[in-house]
Amino acid sequence: MSTTSIRPKIALIGAGPASLTLANILQNHSIPFTIYESSSTIRSQGGSLDLHPRTGQLALKEANRWDQFAKHCRPESDVTKLVDIFGEVCWDEGGADKHEVREEEKFDGRPEIDRAKLMELLHENITPEAIKFNKKLSKAVPSITEAKKYDLQFADGTIEKDVDLVVGGDGAWSKVRDLLTGVKPQYSGITAIEIWAFDVKEKNPWLANYVGEGSMFSFGEGRAVQAQRQGDGSLRTYASMRAPENFVETCGIDWNDHASARKAYVDQNFSDIGEDLKRVILESSDNLIPRTMYELPIGITWPSRSGVTLIGDAAHLMTPFAGVGVNVSMFDALELSKAIVAAWNGQKGLDEAVQEYEKELFPRAEMFMKKTEKNKRDHFSEDGTRRLAAKIRAFHAGELQGSKSEH
Ligand SMILES: Cc1cc2nc3c(=O)[nH]c(=O)nc-3n(C[C@H](O)[C@H](O)[C@H](O)COP(=O)(O)OP(=O)(O)OC[C@H]3O[C@@H](n4cnc5c(N)ncnc54)[C@H](O)[C@@H]3O)c2cc1C
């Protein structure tokens, strides 16, 4: 490595999917690093994630984690049902619109994997000494003794000195980002309740049957209901709406009382939707989490700075409406790993390699953020369901190019 020490000290902040993907690839190249994670363990809560062939799946292949993914993912969950907000079924791949998926097409679409499984397969091969838990970064500051190096200040009062490359994989509210730009996430205009029904086939066969084995989407003006079967047999649903940023605090709903909160939320905001859709919300009675959704501005960039960069949500936080966040995050990791490996092998300086990574990152992130923004607009519009149904129909009729995951 020509522009920095022979064995640069590399710190990855956060142990999310982006950092863990990068860590696997660096480890495969025998490049040392340390991950600093604020939690006491790998954070694996959350629902299923679908990994796309040209981004998330590709990164897993480079990380040598493909076999484990292929073993644990659920291509059979890649079936979509679309229902308009008043209850009319517009597309149902589990029923009237069923089509055979050939073996060779199994991974072309959006095979789902539970977040916990994905995190496990990304974590299990990492040398335990390379991850430090309970290390919440408070601030990263330029070293006072060494030019182009950084000191990491942690919430427990400890300091890690003289880091050559700080990679911010620390998600939405990244502390590393503060070294590069003052830009912060802004409210997306959308608030959701995330509601769960556990063991749904056993406990509520109607609900299991209605949603099917994959995902059910329903879009209307200012509102959306999205339900998705999980690998552990549960059902996760988002009932989302356009609302002011302080809706959760000011709407008068007592979120601690889940049963009354579900009913009040439906009565106030979803009283006119299809009866089946109402049932999906009201009968998802095992957990409820209100979520105020944030995003970074489309086209966010920063002036390149020696020894610091970002991957994943820290670089381009988006709402989940295009289902691309984790995919783009893991792809960032793949691209940054190539830059670090090239620098490690002396093919270019570390600064140059990271600058090249960022030059590609910015337009790529912008493209996915625009796609997400478009989906957000479409999903919360009156004819959103019908337009998506028409697009899926056109894809299956061979009228659209590309793989299923791109539509
Ligand atoms: C409700 C919801 C649904 C989603 N659904 C999908 C989907 O279906 N498909 C999809 O592709 N994407 C989805 N996403 C987006 C996806 O979850 C993210 O894009 C992805 O997790 C980003 O990975 P990451 O590693 O960049 O960040 P994160 O997953 O946020 O990981 C960041 C890590 O950094 C740690 N950390 C944070 N701050 C610090 C600190 N100061 N010091 C040390 N460690 C720190 C955190 O504990 C965490 O472990 C969804 C997101 C949400 C919120």
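Visitor: Which conventions apply to the numbering and to the values?

Guide: Residues are numbered from 1 along each chain as its sequence is written, and side-chain values use heavy atoms, with hydrogens and water left out. Since this is a predicted model, local features need pLDDT of at least 70 and side-chain atom pairs count only at pLDDT 80 or more, while totals for chains, interfaces and linings use all residues.

Visitor: What distance separates a backbone N or O atom of Leu137 from a nitrogen atom of the ligand?

Guide: A polar contact is a pair of N or O atoms within 3.5 Å; within protein, one must be able to donate a hydrogen and the other to accept it, and residues adjacent in sequence count only if both atoms are side-chain atoms. A polar backbone atom of Ser38 lies 3.1 Å from a nitrogen atom of the ligand, and one of Gly325 lies 3.2 Å from an oxygen atom of the ligand. For the backbone of Leu137 and a ligand nitrogen, the distance is 2.9 Å.

Visitor: How much of the accessible area of the ligand does the protein cover?

Guide: Accessible areas come from the Shrake-Rupley method with a 1.4 Å probe; for residues, only the protein chains shown count as cover. On its own, the ligand has 1,000 Å² of accessible area, and the part that the protein covers is 84%.

Visitor: Which strands form the edges of the open sheet of five strands?

Guide: Two strands pair if DSSP finds at least two bridges between them. The order in this parallel sheet is S7-S2-S1-S11-S17. Strand S2 (residues 34–36) and S7 are joined by two bridges, with Tyr36 as the bridge partner of Lys132. Pairing on one side only marks the edge strands, S7 (131–132) and S17 (308–310).

Visitor: Which residue of S13 stands opposite Leu82?

Guide: Strand S4 (residues 80–83) has Thr80 and Leu82 on one side and Lys81 and Val83 on the other, all buried; buried means under 20% relative accessible area, exposed over 50%, partly exposed in between (1.4 Å probe, protein chains only). S4 pairs with strand S5 (residues 89–92) in the antiparallel sense over three bridges, and Lys81 has Asp92 as its partner there. Three bridges also join S4 to strand S13 (residues 215–220) in parallel. In S13, the residue opposite Leu82 is Phe217.

Visitor: How many of the 12 residues of strand S12 are buried?

Guide: Strand S12 (residues 186–197) pairs antiparallel over eight bridges with strand S16 (residues 287–295), where Glu194 stands opposite Ile289. S12 also pairs antiparallel with strand S15 (residues 235–242), again over eight bridges, and Trp196 stands opposite Arg236. S12 is largely enclosed by the rest of the structure, because the number of its 12 residues that are buried is 11.

Visitor: What arc do the buried residues of helix H9 cover around the axis?

Guide: In H9 (residues 275–282), the residues Leu277, Lys278, Val280 and Ile281 are buried. The arc, taken from the directions from the helix axis to the C-beta atoms, puts them on the same side of H9 because it is only 155°.

Visitor: What is the phi of Asn64?

Guide: Most residues other than glycine have a negative phi. Asn64 is found in the loop between helix H2 (56–62) and helix H3 (66–72), and counts as exposed at 55% relative accessibility. Although Asn64 is not a glycine, its phi is positive, at about 60°.

Definitions and conventions
Helix = DSSP H or I, 4+ residues; strand = E, 2+ residues; numbered from the N terminus.
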